[in-house]
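The structure comes first, my notes after it.

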Amino acid sequence: MFSESILCNWDPEPFREALSRAGYTRQGLEAADLYRPGDAVARTHLAPKLLPADSSLLTAIRLFDLGEPVSGKDAMALFGSNLLGLMRIGLLEGLGNDLVRSAAKIDATEQGWFAFDHAAALVAAKPDYVMGEGNSSRMLTALATGRKGERVLDLGAGAGWGALRLAERGCRVTAADISARALGFARFNVLLAGLDDIEIVQGDRFEPVAGRKFDAIASNPPFVISPQNTFVFRDGGVKGDGFCESLVRRFPDYLEEGGIAVMIFNWFDEDPERWDERPLAWAKDRGCDVWLFRSDRHDPAEYAFRWLRESGRGRNPKPEDLNEWTRYYRELGAKGINLGFLAMRKRTGKNWQRSDSRAEVKVVATAGEEIRRIFDNQTWLNECGLDDAAILAMRFKVPDGIRAETDMVLDRGWGMRTIRLRSSGQLSYDGQVDEFILRLLEVCRSGGTPGDQLKEILAKPEFAGTKGVDGQIASLVREMVRHGLLLPAL
Ligand SMILES: C[S@@+](CC[C@H](N)C(=O)[O-])C[C@H]1O[C@@H](n2cnc3c(N)ncnc32)[C@H](O)[C@@H]1O
């Protein structure tokens with residue numbers, strides 16, 4: 001479906017108008033109480049109860065959300081004479097008996113419409129099932145470092161969620177994928193979004209971009225570690241985490257100097273204490289600084305259970321499948337499976353590697369900027385060669401959007417229990433701090449130096465004459481720089 005030669009003559013405007021007129025938009029669904037802000041999924045299953053039988057919104061929901069057939073009369077009422085065009089491009093198909101159905105699911109998202117496969121294709125284990133905007137798609141979009149005007153490769157672009165979001169930022173995007181079917185959806189989505197300047201190329205991994213270099217690469221590859229090779233979106237077809245390893249080893253060849261590749265992935269460890277060892281080894285000596293970030297670690301049996309359930313649309317996995325998966329992990333020597341991302345920046349010079357682990361990571365749209373800060377700041381820390389006195393005399397910038405949340409408890413009066421500090425993208429820092437750190441950020445933000453805070457502290461009677469405060473503040477500054485909360489004002 002969605003062949004390039006047919007789509008190139010398709011005008012999406014009447015289709016967009018029909019969907020908008022029917023109210024099949026995020027706002028329209030909210031107005032009809034079929035989507036409540038904050039809900040993870042729409043309440044569109046209630047549509048047949050809440051909407052009149054002849055409503056165009058109900059027809060759109062049945063076609064594009066519930067995946068149900070509708071009558072030719074209802075489809076005509078929704079699309080008028082454009083119905084034939086939608087059949088010609090393969091979006092709608094006739095079933096006989098005057099019934100019509102949609103070959104694609106189309107979500108009405110906050111960012112606009114997005115087409116992919118109905119869940120029935122997943123349940124039927126269709127190998128070329130094309131996924132929609134999942135958590136990993138949204139996560140990658142937030143982490144991607146591409147800025148306006150930069151050339152960005154979305155490797156394993158699928159139906160194009162990330163490519164679209166990057167194009168909206170003004171990036172010059174190349175969307176690459178092995179699946180012709182996924183790229184058909186991507187073409188359709190690009191047209192539907194009215195963004196026609198995304199390059200779409202097909203092939204295995206880097207094959208379609210051989211010899212080219214990018215300012216940024218973003219990849220949400222088929223990262224699931226499994227004994228199966230059932231789905232092209234999920235299983236890379238290489239043993240263990242070998243598919244992701246093959247990408248990490250080759251990212252540097254496709255990056256410009258200063259370019260950053262970010263990949264969401266899963267990897268196994270052979271020892272919980274050495275969880276970061278294998279991915280860091282893949283990326284070693286390749287002319288890149290490397291940041292490995294772990295957000296979770298699963299026991300192999302738990303991992304197998306989760307993925308088998310996910311691919312079976314919530315049904316409990318069969319014991320024989322669970323056995324097959326856990327036996328596979330034993331044979332690999334996997335003690336645990338880690339979830340997270342790896343970022344690498346190409347840089348001539350003495351490269352560094354770093355790993356961090358933090359649970360419950362929910363990054364927001366500006367996380368890619370925080371990845372850039374981590375690369376800049378870690379390099380500065382390694383190379384600045386400044387002693388404590390020089391650090392205290394320096395000026396630092398504080399990025400916008402840092403938040404502190406306090407938790408207080410009422411005893412006789414209000415007492416502060418904890419202060420939680422979050423970087424704007426919630427990636428580089430999210431943890432408990434004390435009032436000294438809050439004050440340090442405030443002093444730096446208002447143009448002062450860490451040395452000014454030192455004077456302030458030593459002026460307090462309870463600290464007068466205390467030794468070592470200067471060293472403590474300097475190491476606090478280094479720690480804040482490490483987390484991208486203070487930026488050297490060079
Ligand atoms: C997890 S999906 C991600 C889709 C999309 N980027 C997103 O975030 O929603 C992985 C994608 O990788 C593609 N893929 C699988 N094997 C590939 C290969 N050898 N080369 C390029 N892409 C591949 C799949 O077709 C699928 O679209």
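The notes below cover the sheet, then the rings.

I am working on a predicted model. I looked up the strand order and found an open sheet of eight strands, 8-7-6-9-10-12-11-13, with mixed pairing. Strand 8 (199-202) and strand 13 (353-357) each have a single partner strand, so one side of each has no neighbour in the sheet. On average, neighbouring strands are turned by 20° against each other, direction ignored.

I checked strand 7 (residues 172-177) against strand 8: they run parallel and are joined by four bridges. Within strand 8, Val-201 stands opposite Ala-176. I then noted helix 10 (residues 161-168), which lies across strand 6 (151-155) and strand 7, at about 175° to strand 7. Helix 12 (residues 242-250) also packs on the sheet and touches strands 6, 9, 10 and 12, its direction making about 160° with that of strand 10.

My search of the whole structure gave 27 aromatic pairs. How are Phe-64 and Phe-79 arranged? Their planes stand at 70° with the centres 6.2 Å apart; the cut-off for edge-to-face is over 60 degrees, so the pair is edge-to-face. Phe-64 is in helix 5 and Phe-79 in helix 6, 15 residues apart, and both are buried. I recorded Phe-265 and Trp-282 as a tilted pair, 6.2 Å centre to centre with 55° between the planes. Phe-265 belongs to strand 10 and Trp-282 to helix 13; both are buried.

I found Arg-26 over the face of Tyr-35, 3.8 Å from the ring centre. Arg-278 lies over the face of Phe-268, at 3.7 Å.

Note on methods
Residues numbered from 1 in each chain as written. Predicted model: local features only at pLDDT ≥ 70, side-chain atom pairs only at ≥ 80, totals over all residues. Heavy atoms only, no water. Pairing = 2+ DSSP bridges. Helix = DSSP H or I, 4+ residues; strand = E, 2+ residues; numbered from the N terminus. Axes fitted to C-alpha atoms, helices over the stretch in contact; angles between N-to-C directions. Contact = heavy atoms within 4.5 Å. Phe/Tyr/Trp six-rings, centres within 6.5 Å; stacked < 30°, edge-to-face > 60°. Buried < 20%, exposed > 50% of the residue type's maximum accessible area, 1.4 Å probe, protein only. Lys NZ or Arg CZ within 6 Å of the ring centre and 35° of its normal.
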